[in-house]
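Hi,

Here is the model I promised to pass on. Have a look at it first, and then read my notes below.

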Amino acid sequence: MLTLDDCMTLLQHYEAMAVAARSNDWDKLVELETLTAAVRDKANHPFPPSSGEPQMQQEMAAAIQRILELDVEIRIHAEPFLESTRKLLSGTVQDRRVRTTYGALG
């Protein structure tokens, strides 16, 4: 079950990931994503809507909303890097296929 503490921890991780994405620090982003995954996995177990006090529910809802906003921002920053990586890998695979098919020249 996701607790308010878990939610706040996730929010802190997402804020740090957004900072890493803004500064193109992909190694840090990967490191933070690994830390975040363990906490986020707890969210796969839904909690009853009536659990907790109304104020706690509002805080969790606000934190989750902010996490979603940060996730969008992270994706916006990461997508160009991911696309260039895809192209690089695609070119490498294509180059390898050409060399395998025609042999190394030279």
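Let me start with burial: a residue is buried under 20% relative accessible area, exposed over 50%, and partly exposed in between (1.4 Å probe, protein chains only). L68 has 48% relative accessibility, so L68 counts as partly exposed. L68 sits in helix α3, and its C-alpha is separated by 9.4 Å from that of L11, 57 residues apart along the chain.

Some housekeeping before the rest. This is a predicted model, so local features need pLDDT of at least 70 and side-chain atom pairs count only at pLDDT 80 or more, while totals for chains, interfaces and linings use all residues. Residues are numbered from 1 along each chain as its sequence is written, and side-chain values use heavy atoms, with hydrogens and water left out.

On to the fold. The protein chain has three helices and zero strands, in the order α-α-α along the sequence (helices are DSSP runs of H or I with at least four residues, strands are E runs of at least two, numbered from the N terminus). Of its 106 residues, 23% count as buried. The chain exposes about 7,700 Å², with carbon and sulfur atoms supplying 59% of that (Shrake-Rupley, 1.4 Å probe; for residues, only the protein chains shown count as cover). Taking contacts (heavy atoms within 4.5 Å) between residues at least 6 apart in sequence, 74% join residues at least 24 apart.

Now the helices themselves. α1 has 19 residues and runs 27 Å from first C-alpha to last, close to the 27 Å expected at 1.5 Å a residue (the expected span is 1.5 Å times one less than the number of residues). After α1 comes N24, with a positive phi near 55°. α2 covers residues 26–41, and its 16 residues reach 22 Å, close to the 22 Å expected. The buried residues in α2 are W26, L29, L32, T36 and V39.

The buried list for α1 includes L4, L10, Y14 and M17, but also D6 and H13. Why does D6 count as buried? Its relative accessibility is 11%, so D6 falls in that class. Leaving aside residues up to four places away in sequence, D6 touches M1, V39 and K42. With that same exclusion, L10 touches L2, T36, V39, R40 and I67.

L10 also turns up in the largest nonpolar core, which has 20 residues; L10, Y14, M17, L29 and I74 touch the most other members. Helices α1 (4–22), α2 and α3 (54–102) each supply at least two residues of this core, and α1 gives the largest share, nine residues. By nonpolar core I mean a set of buried Ala, Val, Leu, Ile, Met, Phe, Trp, Tyr and Cys residues joined through side-chain atoms within 4.5 Å.

Last, the pocket. The largest one has a volume of about 290 Å³ and a lining of 13 residues, with L29, E33, I74, A78 and L82 nearest its centre. Each of α1, α2 and α3 supplies at least two lining residues, and α3 gives the most, with six. For the method: on a 1 Å grid over the protein atoms alone, a pocket is an open set of points where a 1.4 Å probe fits, with protein on both sides within 12 Å along at least five of seven lines, and lining residues have an atom within 4 Å of a point. Points are joined across faces, edges and corners, and the volume is the space filled by probe spheres set on them.

Cheers
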